[in-house]
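Please look through the sequence and the 3D structure shown here before reading on. The report that follows takes up helices, cores, the surface, charged pairs and aromatic rings in turn.

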Amino acid sequence: VLTLTTVLFTLAFVFPLYWMFASALKSPAEFAQPDPTLVPQSFHPETYKQAGPGWTSRTSSSTRSTTRSGLAGPDRHRRGRGVRAVELRPMFGNVVLAMMLASLMLPASALLIPPT
Amino acid sequence: VLSFQQDNLVTDPVWVGLDNYRNVVTDPLFVTAWVNTFKFTGLALVFGYAVPFVLAVLLNELRHFKGFFRLAVYLPVMLPPIVSVLLWQYFYDPGAGLFNTVLSGLHLPTSAWTQDASTAMISLVFVSTWANMGGATIIYLAGLQNIPGELYEAAEIDGAGLWQRLRHVTLPQMRFILLVMLLLQIIATMQVFIEPYQLTGTTTPSTITVMILVYRYAFTVNNDFGLAAAMSVLLFVVLGLFSAVYLRITRGRTD
């Protein structure tokens, strides 16, 4: 059972990631050929080098700052509000909770308020 | 306010009252989008709600390689959603895709996957489940590990088997987490966008969801943010009503 579970888990969760990693090492011609290869016929690690400048440029910087502000700001406040709501049981607590829950129901794209 | 206006972000907005709502409701794709969204949500719950719980129970029972299994199940969550979808887009490719290559190699019938109306929706559900089940599994696992071991010991002394322990100890102890996760998953799956957008596009009737319709109104067909806002408000209202009813029904069970 353990062997079967290990094989199934590896196939379902690890193999697709291996495929992504291996495909990044293939040449464009090998990647596009009709019969996919499990192991790259020739290794092309330069793909990572080519992706490097993008990783260290403004894109990477904006990702870092978004992550930093996400960790430091809204999430901390959200947790704080949740703890206070549970511990203090304030008046209209259910209304506040419902309003917080309502923000989940807004599609993310609807939060992109158009600039005027 | 935007849902009561005609606004393309270029010219001045025009107040149109309830016209946007009328236009949205009378759109031939309106019913299709809702049916597809409910279909996706239903299928995503069958796979994305039940499978992570079963996996968590299984992982909780394992004695060996615990770290490997927990890491493996959470790995897909670390990929950005669009990367997961692009990876699966390659797997699903009817020509040189990995799935059809493997099926051909085994002399089994191949499929058009996302390009066939009958298999497109389930194909989207597989991607979504694979990409997101790690988070739910870890939450269930944390809940399972908080169940006092004495309860299981008492059940075993009373002669309870595996199924009876699951039914009379695990499920009642996990009830609150299960109910909250169900609500959050329904809210999240009804807002599905990336999977149909990337895998089947915005024009395939069998996979047009409510969010795809919102996108079409805003960016492709109508270029009218007022229409898109009206559709978003309808989705918000439906989810809000569902949540209110759900919380009222389940209140007694979670107190």
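## Terms and basis

Helices (H or I, at least four residues) and strands (E, at least two) are DSSP runs, and they are numbered from the N terminus. This is a predicted model, in which local features need pLDDT of at least 70 and side-chain atom pairs count only at pLDDT 80 or more, while totals for chains, interfaces and linings use all residues. Residues are numbered from 1 along each chain as its sequence is written, chains are lettered from A and ligands numbered from 1 in the order in which they are written, and side-chain values use heavy atoms, with hydrogens and water left out.

## Chain A in outline

Chain A contains six helices and zero strands, and its pattern along the sequence reads α-α-α-α-α-α. Of its 116 residues, 20% count as buried, where buried means under 20% relative accessible area, exposed means over 50%, and partly exposed lies in between (1.4 Å probe, protein chains only).

A contact here means heavy atoms within 4.5 Å. Among the contacts in chain A with a separation of 6 or more, 6% are between residues 24 or more positions apart. The accessible surface of chain A is about 8,800 Å², and 70% of this surface belongs to carbon and sulfur atoms; such areas come from the Shrake-Rupley method with a 1.4 Å probe, and for residues only the protein chains shown count as cover.

## The nonpolar cores

A nonpolar core is a set of buried Ala, Val, Leu, Ile, Met, Phe, Trp, Tyr and Cys residues joined through side-chain atoms within 4.5 Å. The largest one has 46 residues, and those with the most contacts inside it are B:Tyr140 and B:Met231. Several helices of chain B each supply at least two residues of this core, including H1 (19-26), H2 (28-48), H7 (117-145) and H13 (225-254). The largest share, eight residues, comes from H13(B).

Which residues does B:Tyr140 contact, leaving aside its neighbours within four places in sequence? They are B:Tyr49, B:Pro52, B:Phe53, B:Ala56, B:Met174, B:Ile177, B:Leu178, B:Met181 and B:Gln185. A second, separate core has 32 residues, and B:Val73, B:Val85, B:Phe91 and B:Trp130 are included in it.

## A nonpolar patch on the surface

Patches are made of residues with over 30% relative accessible area and no salt bridge, with like charges joined within 9 Å and nonpolar side chains (Val, Leu, Ile, Met, Phe, Trp, Tyr) joined within 5 Å. A nonpolar patch on the surface is formed by A:Leu104, B:Phe176, B:Val180 and B:Leu184, which together have about 330 Å² of accessible area. H10(B) gives the most to this patch, with three residues. B:Phe176 lies in helix H10 of chain B, and this residue counts as exposed because its relative accessibility is 51%.

## Salt bridges

A salt bridge is a side-chain nitrogen of Lys or Arg within 4 Å of a carboxyl oxygen of Asp or Glu, and a search of the whole structure finds two of them over all chains. In one, B:Arg22 is paired with B:Asp19, with the closest N and O atoms 2.6 Å apart. Both residues lie in helix H1 of chain B, three residues apart, which is about one turn of the helix, and B:Asp19 is partly exposed at 35% relative accessibility.

A salt bridge also joins the side chains of B:Glu156 and B:Arg165, at 4.0 Å from N to O. Are these two residues buried or partly exposed? B:Glu156 is partly exposed, with a relative accessible area of 48%, whereas B:Arg165 is buried, with a relative accessible area of 18%.

## Aromatic pairs

Rings of Phe, Tyr and Trp (its six-membered ring) pair if their centres lie within 6.5 Å, and planes under 30 degrees apart count as stacked, over 60 as edge-to-face and the rest as tilted. The whole structure holds 29 aromatic pairs over all chains. The ring centres of A:Phe9 and B:Phe69 are 4.9 Å apart and their planes stand at 75°, so this pair is edge-to-face. A:Phe9 belongs to helix H1 (residues 2-23) of chain A and B:Phe69 to helix H4 (residues 66-74) of chain B, so the pair joins two chains. A:Phe9 is buried at 5% relative accessibility, and B:Phe69 is buried at 0%.

B:Phe242 and B:Tyr246 form a tilted pair, 5.7 Å centre to centre with 35° between the planes. Because they are four residues apart in helix H13 of chain B, about one helical turn separates them. B:Phe242 is partly exposed at 28% relative accessibility, while B:Tyr246 is buried at 11%.
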